[in-house]
Amino acid sequence: MKKFFSLFVALFVFVAVGYAQKGVLKFAKETHDFGKVEQGKPVTYVFEFKNAGADPVVINDATASCGCTKPSWTREPVMPGKTGNVSATFNAAAAGPFNKSVTVTSNAEGGQTVLYLKGEVVAQKEAQTVATPAVAPVGKDKKKSR
């Protein structure tokens with residue numbers, strides 16, 4: 001009975017160590033907030049990741065939650081300790097707040113990682129006023145006091 005138990009424990013440890021050797025995706029950031037985005041102008045964010053595991057990581061697919069977001073990713077295997085990226089371009093066509101996701105499928109531990117893009121699409125005029133705040137003209141309408 002002791003031999004059977006010892007063999008079982010040894011097999012369990014071997015299997016556990018085998019699973020621990022997978023690649024591990026560590027994203028620097030999993031959510032990006034664009035803030036206010038001008039309507040009609042696509043915006044892109046690049047999510048960077050590091051392979052923190054022992055095996056190479058291959059991204060098989062990156063799928064967006066809707067047709068308004070287009071992902072692209074590092075196609076070659078990412079070796080342990082090296083970095084790669086997943087880029088997501090959001091087409092800011094419709095005005096209003098947005099919260100989009102990109103599901104990354106890979107051979108890494110866990111298999112899938114979900115990345116998020118959020119912000120608010122505003123009209124062109126509103127985006128310009130947010131980008132350049134109004135400044136009062138200097139020297140106009142000021143009365144000199146004596």
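Biologist: In which strand does T113 lie?

Modeller: T113 lies in strand 8, residues 112–122. Strands are DSSP runs of E, at least two residues, and helices are runs of H or I, at least four; both are numbered from the N terminus. This is a predicted model, where local features need pLDDT of at least 70, side-chain atom pairs count only at pLDDT 80 or more, and totals for chains, interfaces and linings use all residues. Residues are numbered from 1 along each chain as its sequence is written, and side-chain values use heavy atoms, with hydrogens and water left out.

Biologist: Why does T113 count as buried?

Modeller: Buried means under 20% relative accessible area, exposed over 50%, partly exposed in between (1.4 Å probe, protein chains only). T113 has 16% relative accessibility, so T113 counts as buried.

Biologist: Which residues is T113 in contact with, leaving aside its neighbours within four places in sequence?

Modeller: They are L25, F27, E30, V102, T103 and V104. Contact means heavy atoms within 4.5 Å.

Biologist: What makes C66 and C68 a disulfide?

Modeller: A disulfide is a pair of cysteine sulfur atoms within 2.5 Å. The sulfur atoms of C66 and C68 are 2.3 Å apart, and the count by this rule comes to 1 disulfide. The angle about the S-S bond is -55°, a left-handed link.

Biologist: Why is C66 called partly exposed?

Modeller: C66 has a relative accessible area of 23%, so C66 is partly exposed. C68, at 24%, is therefore partly exposed too.

Biologist: How many bridges join strand 5 to strand 6?

Modeller: There are 5, and the two strands run antiparallel. Two strands pair if DSSP finds at least two bridges between them. With 5 bridges, strand 5 and strand 6 therefore pair.

Biologist: What is the strand order in the open sheet of 4 strands?

Modeller: The order is 1-3-6-5, with antiparallel pairing. Strand 1 (25–27) and strand 5 (69–73) are the edge strands, since each pairs on one side only.

Biologist: What pLDDT does the protein average?

Modeller: The average is 83, and 71% of the residues score at least 70. pLDDT is the predictor's confidence in each residue, from 0 to 100.
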